[in-house]
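Keep the structure open beside you as you read.

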Amino acid sequence: MPTTFIGTGSADAGTLALALGAAPSATSPEPPAAATWDWDWRGLLTGWRSEVAALPAADQVVVCTWPDPAPRVELLELGPVRWRREVEWPTALWFTTLAVATGRCRDGGAIVVVVDRPAPLDAPGHGAAVTVGDGVVNLVRSLAATEGGRGVRVNAVLSARPVAPRDLAGSPTPLTTSPGRVDVEIAGAVRMLLSDDGAGLTGTVLPATGGHP
Amino acid sequence: MSATGRCVLVTGASGGVGRGIALACGASGWDVWIAARREVEGAAVADEVTAAGGRGRAIVCDVGDEESVRALLDAIAGAAGRLDGLVHNATSGRSSQSGPITDVTVADLEDHVRVATRGLYLVARAAFPLLAAARGSVVVTTSEAALEGKRLLAAYAMVKAQQRAMVSVLAREWGPAGVRVNAVAPLAGSPAMARAFVSDPTMEARVMRRIPLGRLGDATDDIGVAVRFLLGDDARFVTGQTLMIDGGSAAVS
């Protein structure tokens with residue numbers, strides 16, 4: 001079944017698309033290198049919205065929000081420009097993307113959104129990823145409520161790619177494979193939620209993180 | 001400085017839940033700084049705080065503006081010299097506008113982010129030195145929408161979830177400095193709630209049907225006192241939590 005794959009240009013997003021047998025349908029724009037605190041992204045978002053809206057309708061839509069890894073930094077030390085780039089821009093980007101991409105999923109279809117969300121114990125230093133991730137996850141819940149009436153399921157898969165194994169806090173992760181391989185553990189979780197095996201699931205969040213709390 | 005020596009700042013306190021929080025703190029004799037964009041309404045709440053037994057001070061602030069936030073914290077540092085508690089209650093004026101996600105404009109979304117998420121980022125960062133010196137407490141007013149999403153309030157639900165995320169992060173990052181960070185998810189009768197009921201005519205029945213206690217909360221006597229608890233020493237071992245103050249409405253906690 002053809003899958004529309006919308007994602008960042010990160011290498012891992014490409015790996016995930018390949019593992020799902022989907023050619024990337026649209027690659028999200030990046031903020032300009034010189035983006036400042038008062039950078040106006042409306043033009044960029046408008047163009048992106050049009051690109052996503054022009055995608056053909058599909059029964060399966062995957063949206064992969066993985067950014068390239070950013071240096072670990074506590075929120076107090078995250079300066080305004082990085083805040084704008086790493087929190088506000090992805091918030092606007094993925095809200096816009098999902099608002100439009102949902103309409104590209106046919107009635108009865110399935111949407112899976114893949115999100116980096118370090119576990120609560122690992123949150124220090126990853127405030128931007130946690131903030132964006134939790135926002136997107138809750139947007140998935142809102143969309144599940146909106147789209148259920150036409151039989152469209154909307155779910156999320158959580159990954160924890162930004163957390164290096166040496167930075168894991170708390171008890172050892174149950175599965176030593178954590179944070180998991182993109183083409184195996186994470187692609188597997190996405191496939192399940194896209195498939196009929198996930199027919200009763202919507203608005204759910206599936207952490208494919210090896211059981212790390 | 002009031003007799004109790006406790007000084008707190010409440011953003012978005014010119015009405016509704018923020019006013020209720022300010023009044024509850026005032027009733028304990030605390031110094032309460034009212035930060036709001038609406039000057040007249042903020043000053044009126046400051047007077048009410050003073051009448052309730054505390055000492056109210058009003059200051060105009062746009063929490064999404066870095067300079068405005070810096071001026072706010074400079075004023076508190078200069079006048080009070082300390083800050084024991086911060087309540088980030090300010091929320092976008094568009095919070096109660098309900099509608100399909102496809103109707104949400106970029107300007108709508110930016111306003112939500114600017115007040116709820118950026119506002120928390122700016123105010124918390126600016127307040128941290130004073131809060132750390134006092135081993136103080138931060139409380140963020142989020143919503144049950146942060147936990148379960150909302151069909152017709154997608155942008156609001158998204159930024160409220162982001163606030164909870166920031167609370168969980170800041171609680172861990174600031175705990176070693178003795179600063180506690182929590183959230184509340186109130187369900188209260190307020191002008192914003194009244195506007196939401198008008199915006200979505202089916203909303204009132206849906207909301208009321210799921211509240212076991214059968215009523216909306218009172219901004220002062222239900223919500224304000226719970227926030228005061230989180231700000232005070234009785235909650236000294238509580239951090240990183242979201243307290244649902246909703247009469248039992250939320251199906252998640």
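Two strands count as paired here if DSSP finds at least two bridges between them. With that in mind, look at V138(B), whose bridge partner in β6(B) is V181(B). Please remember throughout that this is a predicted model.

Stepping back, both sit in an open sheet of seven strands in chain B, ordered β3-β2-β1-β4-β5-β6-β7 with parallel pairing. The edges are held by β3 (55–60) and β7 (242–245) of chain B; each has a single partner strand, so one side of each is left without a neighbour in the sheet. On average, neighbouring strands of this sheet are turned by 20 degrees against each other, ignoring direction.

Now find helix α6 (residues 154–174) of chain B. α6(B) lies across β5, β6 and β7 of chain B, and runs at about 160 degrees to β6(B).

The helix α6(B) also brings us to the other chain. In all, 32 residues of chain B are in contact with 28 residues of chain A. On the chain B side, the elements giving two or more residues are α4 (106–134), α5 (145–148) and α6. Which of them gives the most? It is α6(B), with 15 residues.

Finally, turn to chain A and its helix α4 (residues 127–147). Its 21 residues reach 30 Å from first C-alpha to last, close to the 30 Å expected at 1.5 Å a residue. α4(A) is mostly covered, with 20 of its 21 residues buried.

How values were computed. Residues are numbered from 1 along each chain as its sequence is written. Chains are lettered from A and ligands numbered from 1 in the order in which they are written. This is a predicted model: local features need pLDDT of at least 70, side-chain atom pairs count only at pLDDT 80 or more; totals for chains, interfaces and linings use all residues. Helices (H or I, at least four residues) and strands (E, at least two) are DSSP runs, numbered from the N terminus. Axes are lines fitted to C-alpha atoms, for helices over the stretch in contact, and angles run from 0 to 180 degrees between N-to-C directions. Two residues are in contact if their C-beta atoms, placed from the backbone, lie within 7 Å. The expected span of a helix is 1.5 Å times one less than its number of residues. A residue is buried if 20 or more other C-beta atoms lie within 10 Å of its own, exposed if 12 or fewer, and partly exposed in between; C-beta atoms are placed from the backbone.
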